[in-house]
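The sequence and structure come first, followed by the description.

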Amino acid sequence: MLDYKLIEALAKVVSEGGFERAAKTLFITQSAVSQRIRQLEDQSGQLLLTRSSPPQPTEAGKALLKHYQQVKLLEDGLSAELTAVAEQGPATLAIGINADSLASWFISAIQPLLQQFNLLIDLRVDDQEQTHLFLREGEVVGCISNASKPMQGCRVEYLGVMNYRMLAAPDFAARWFPDGLTLAVAEKAPAVIFNRKDRLHYQFMQQHLDGLPDRLPCHYIPTPEQFLRVISEGYSYGMVPDWQSAELRNSGELVELISGAVFPVALYWHCWNLDSPALHSFSQQLVHGAEMLLGG
């Protein structure tokens, strides 16, 4: 039988990024945390945690953590049914999300739930093509992703579309792309990309230029605000969502490098297929809020 006190120690070391922080959240000593994890590894007969900085779960550890998170979510729901709501602490949901959704519509979509003060969210941010990996490895109970097919043991619901355009400041466009965006010039002009996992820039070029440049000089700036800044101040060009660029395009401060070329990114909500009241309420509100804010 699994000892959930031991697994909780493993979960805290991973989520808090170290033994010392895990000890503080569990109100025990650091040596006690280490002892619990050694005991858990002895019971399972496998190494569950790499002693790196920060510590990372092994494949066996990931499977154990995923099981623990699912059981904990179900137990929280059962406890809420058996105990007066006033006596219950808030439920915590770990969610994977892309930075553009977080910077634009996400908080507004779930605002009614946050106002009830009975739900806490623990957000893990990455590109929309990568967030489903958090779910697959059991780090989150749900994620916003551009993948349309559900993973085993999960369900998926459509949220809406975010539209992107390839933009630049007028002076930058005149200097680097006087004859329009071409693969030849893209090998020299400085671009900006969110991070090394972000494929949006390349997908746009593949679709509208029928190929990719042999090399692409680029900045990597993983924050939406500073990402836009290096474009609007004329240092680079890149893919910007319509919610962030509409006013700048209307004022002429940003221009499209290919007029009317919109790249739509459909977003989906993936979550574990569990009978959890907290997860059900969150999913219902998220889908409803996204429908109102994102549309089609």
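## Cavity, pocket and helix packing

The largest cavity has 18 lining residues, and Asp100, Tyr164, Phe194, Asp198 and Leu200 lie nearest its centre. The model is predicted, so that local features need pLDDT of at least 70 and side-chain atom pairs count only at pLDDT 80 or more, while totals for chains, interfaces and linings use all residues. Residues are numbered from 1 along each chain as its sequence is written, and side-chain values use heavy atoms, with hydrogens and water left out.

On a 1 Å grid over the protein atoms alone, a cavity is a set of points where a 1.4 Å probe fits but cannot get out; a pocket is an open set with protein on both sides within 12 Å along at least five of seven lines; lining residues have an atom within 4 Å of a point. A volume is the space filled by probe spheres set on the points, which are joined across faces, edges and corners.

The count is one cavity of 30 Å³ or more. At least two lining residues of the largest cavity come from each of helix H5 (99–103), strand E7 (191–193), helix H10 (200–209), helix H11 (224–232) and strand E9 (238–241). Helices (H or I, at least four residues) and strands (E, at least two) are DSSP runs, numbered from the N terminus.

In the largest pocket, Ala11, Ser15, Gln69, Asp122 and Arg124 lie nearest the centre. Two or more residues of its lining are given by each of H1, strand E2 (56–57), helix H4 (59–82), strand E3 (91–97) and strand E4 (119–125). H4 gives the most, with seven residues.

| Space | Volume | Lining residues |
|---|---|---|
| Largest cavity | about 190 Å³ | 18 residues |
| Largest pocket | about 800 Å³ | 30 residues |

For the pocket lining the division is 14 nonpolar, six polar and 10 charged. Ala, Val, Leu, Ile, Met, Phe, Trp, Tyr, Cys and Pro count as nonpolar, Asp, Glu, Lys and Arg as charged, and the others, Gly among them, as polar.

Helix H1 (residues 4–16) packs on helix H2 (residues 19–26) at an angle of about 120 degrees, with axes 8 Å apart. Axes are lines fitted to C-alpha atoms, for helices over the stretch in contact (heavy atoms within 4.5 Å), and angles run from 0 to 180 degrees between N-to-C directions. H1 and helix H3 (residues 30–44) pack at about 115 degrees, with axes 9 Å apart.
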